[in-house]
Amino acid sequence: MAFILGPTDVYYASRVTNLIGNAGVTPPMSAIRVDGLTKSYGQLLALSDLSFEVEEGEVFGFLGPNGAGKSTTINILLDFIRPTTGRVEVLGLDAQAHSRTIRSRTGVLPEGVETYDRLTARQHLEFAIESKGAADDPLALLERVGLEDAIDKKAGGFSKGMSQRLMLAMALVGEPDLLILDEPSTGLDPNGAREMRDIVREENARGATVFFSSHIMEQVEAVCDRVGILREGEMVAIDTVSGLRESVGDGTTLRVTVDRVDDDDLQAVRSLPDVSSATSEDGQPPTLVVQVDGSKTAVLGELEERGIDVQDFSTREASLEDVFQSYTADGGTEVHAR
Ligand SMILES: Nc1ncnc2c1ncn2[C@@H]1O[C@H](COP(=O)(O)OP(=O)(O)OP(=O)(O)O)[C@@H](O)[C@H]1O
């Protein structure tokens, strides 16, 4: 007798595998598996041989500066654009062959506002509920995102933050297995950003995998189990938040205000022992930002020897934001992956 497995069977099989995996028999299933992914837009190489996995049940932070390739990756996961080469699986399914099933089990908060001015918040949710064949209550969803008072108001009059909350409520419809949030804190005030993080935690506690893109380290470090740092289409670091923290060690960030600095000076500072990265911030006067694990006087001495006038300097313990900067700025840290 032959059995033909449909997407639902694959889903339950993977859930069972995952449960067994948690008991220590098989490793957990990947919610996202990206293998050798390349995407070119004409001459521009947006993604270059990108490979990474996000495990089921993880909150994964996908970090990178503007233009690093985050939205391109997300659009490929959802089959809105096609890769040049490489293979992508989402929820155990091929992203191109099973995009409908994947989208029906995924909640997406896209980058930028995508609401309809003439529809009310309730109508937006009714539309999302119907398209997903779900049975959610629009009011309950709007209460979760703090927008219940605007349930019968048209989205055309919403602030950016309100639109972002509405789109988040739409992403939550149908208890998705995977939530893909592209720059979710855009337009939110600090309270809104905190509420967003609470929802991410609640969704994860319910069992959802969360893939969370941002260009701000601070926003992902509070909720993410692991973080991948993307730079110019390549993953330059992937680790737990604590692993990344360890990679800074008891390092210090040294900020030095100088009269001038050029590429040769930067290179000379980078080649000093104990210096893991050195970048410059343009300004009048310019500032040198150096990650250093040992003596700061060696850095100041080197500058003096090169005839550079040190006008001021300050030190502070390196933060995760500094780690992010050092991985993403030119001349920053070398690849670090676990
Ligand atoms: N449709 C397109 N045609 C041509 N180039 C594109 C297209 N979409 C993106 N790019 C380019 O590909 C690169 C990656 O862009 P992408 O939007 O994926 O980055 P991102 O990390 O999401 O950036 P941001 O944080 O600014 O949204 C950029 O150089 C961008 O200009």
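Predicted model: local features only at pLDDT ≥ 70, side-chain atom pairs only at ≥ 80, totals over all residues.

**Ligand surroundings**
- The ligand has 13 residues around it, and those that come nearest are Y41, N66, K70, S71 and T72.
- Two elements, β2 (44-55) and α2 (70-77), each supply at least two residues of this shell, and α2 gives the most, with three residues.

**Overall make-up**
- The protein chain contains twelve helices and 15 strands, and 37% of its 338 residues count as buried.
- When contacts between residues at least 6 apart in sequence are taken, 70% of them join residues at least 24 apart.

**Nonpolar cores**
- The largest nonpolar core has 65 residues, of which L168, A169, V210, F211, F212 and I229 touch the most other members.
- Helix α6 (residues 160-172) contributes the largest share of this core, namely eight residues.
- Once neighbours within four places in sequence are left aside, F212 is in contact with V59, F60, G61 and F62, as well as with L181, P184, V200, V220 and C224.

**Helix α12**
- Helix α12 (residues 320-328) is mostly covered, with seven of its nine residues buried.
- The buried residues in α12 are D322, V323, F324, Q325, S326, Y327 and T328.

Technical notes
Residues numbered from 1 in each chain as written. Core = buried A, V, L, I, M, F, W, Y, C linked by C-beta atoms within 7 Å. Buried ≥ 20, exposed ≤ 12 C-beta atoms within 10 Å, placed from the backbone. Helix = DSSP H or I, 4+ residues; strand = E, 2+ residues; numbered from the N terminus. Contact = placed C-beta atoms within 7 Å. Near = placed C-beta within 6 Å.
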